[in-house]
Amino acid sequence: MKNIITLFLQRIALGLGSLFAVSIIIFMAVELLPGDVAEALLGQSATAETVEAFRTQLGLDQPALTRYVHWIGSLLSGDLGVSLANQREISELIDVRLSNTLMLALMAAAVSVPIALVLGLLAALYRNSWFDRLVNVSALSAVSFPEFFVAYILILFFSAWLGWFPSISNITPDAPFSEVIDRSVLPVITLSLVVIAQMMRMTRAALVNLLSNPYIEMARLKGIRPLRVIVYHALPNALAPIISVVALNLAYLVVGVVVVEVVFVYPGLGQLLVDAVATRDIPVVQACSLIFAMTYILLNTLADVLAIATNPRLMHPKG
């Protein structure tokens, strides 16, 4: 138990270091954006004096290092800043949008993770059969298509032709849960198709890699049923790579929703980020990017710890 706690603390420290490095990259990337933020916000009709006064108000006349230190200090104190587009607190803008994104990711995870694990297990159980080939071809096809293409195909079939689901997922805060589910079906399917394919292939590969081990052969020689051999003997030893790929895909469900939210006009954090980029709302862009990075690093750290905890041999490396 002590080793796991030490490992977790080490990974948290590495995660914080990674987050610090990412914050520098985000700030520098925003700094390298072409054009002047003050001129973009005020418009071409603004005078030079007005633009200069607005730059001073935004603190753009200060050195980049000073502005970065001020930004990080405000973040550490819990202040995300104020939106330049509507002068609202960024925390208020992000609150509802982040909840919507997390809800969409959780619904997609609840659908995709069980399906992917079951398909991967069955593909390993019936490897080299027609079922295995069919599942692998379907998975490769799902991974090959970009999300926006899949989204538009789903809209064409299930919204335009069949009329089963709405093509726009404009969810309001006071919408009933049934309406939220109805408007989230197509975005959830779009996200799930990609992550199911990746998790299924990794699950199959991890299990097939273990099926040639001597202890698996011994279990078969004892007459144990193939399904029991995979579930009770192979699966526990394949948990480390499976947990890693599941956590990475869960991170994708949160971080990679930008395209899906834009296609379906879903009021999530990704849509907020795109709108902020379009209006040159730099503080919102920085806050959304940092939240995405934090989520990705946190889930990767959790996956690393769980993968090592499920395989005690990794906690005692050979000297």
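Predicted model: local features only at pLDDT ≥ 70, side-chain atom pairs only at ≥ 80, totals over all residues.
Ser-23 belongs to helix H1, which spans residues 2-31. When neighbours within four places in sequence are left aside, the contacts of Ser-23 are Tyr-68, Trp-71, Ile-72 and Leu-290.

From this single residue the account turns to charged pairs. Side chains of opposite charge can pair when their charged atoms come close. How many salt bridges does the structure hold? There are two.

One of them joins the side chains of Asp-132 and Arg-204, with an N to O distance of 2.7 Å. Asp-132 is part of helix H6 (residues 130-144) and Arg-204 is part of helix H8 (residues 177-210), so this pair ties together parts that lie 72 residues apart in sequence. Are the two partners buried or exposed? Both Asp-132 and Arg-204 are buried.

The other salt bridge is formed by the side chains of Glu-92 and Arg-88, at 3.9 Å from N to O; this distance falls within the 4 Å cut-off and the pair is therefore counted. Glu-92 has a relative accessible area of 45% and is partly exposed. Arg-88, at 39% relative accessibility, is likewise partly exposed.

The remaining description concerns the packing of helices. Two packed helices are described by the angle between their axes and the distance between the axes.

Helix H8, which carries Arg-204, also packs with helix H5 (residues 90-125): their axes come within 6 Å and cross at roughly 35°. The crossing of H5 and H8 is right-handed. Sorted by class, the residues in the contact of H5 with H8 comprise 24 nonpolar, five polar and one charged.

H9 passes H10 in a right-handed crossing. Which residues form the contact between H9 and H10? From H9 come Tyr-215, Ile-216 and Ala-219, and these meet Val-229, His-233 and Ala-234 of H10. By class, the contact of H9 with H10 has five nonpolar residues, one polar residue and no charged residues.

Definitions and conventions
Residues numbered from 1 in each chain as written. Heavy atoms only, no water. Buried < 20%, exposed > 50% of the residue type's maximum accessible area, 1.4 Å probe, protein only. Helix = DSSP H or I, 4+ residues; strand = E, 2+ residues; numbered from the N terminus. Left-handed = near helix turned anticlockwise from the far one by under 90°. Contact = heavy atoms within 4.5 Å. Nonpolar A, V, L, I, M, F, W, Y, C, P; charged D, E, K, R; others polar. Axes fitted to C-alpha atoms, helices over the stretch in contact; angles between N-to-C directions.
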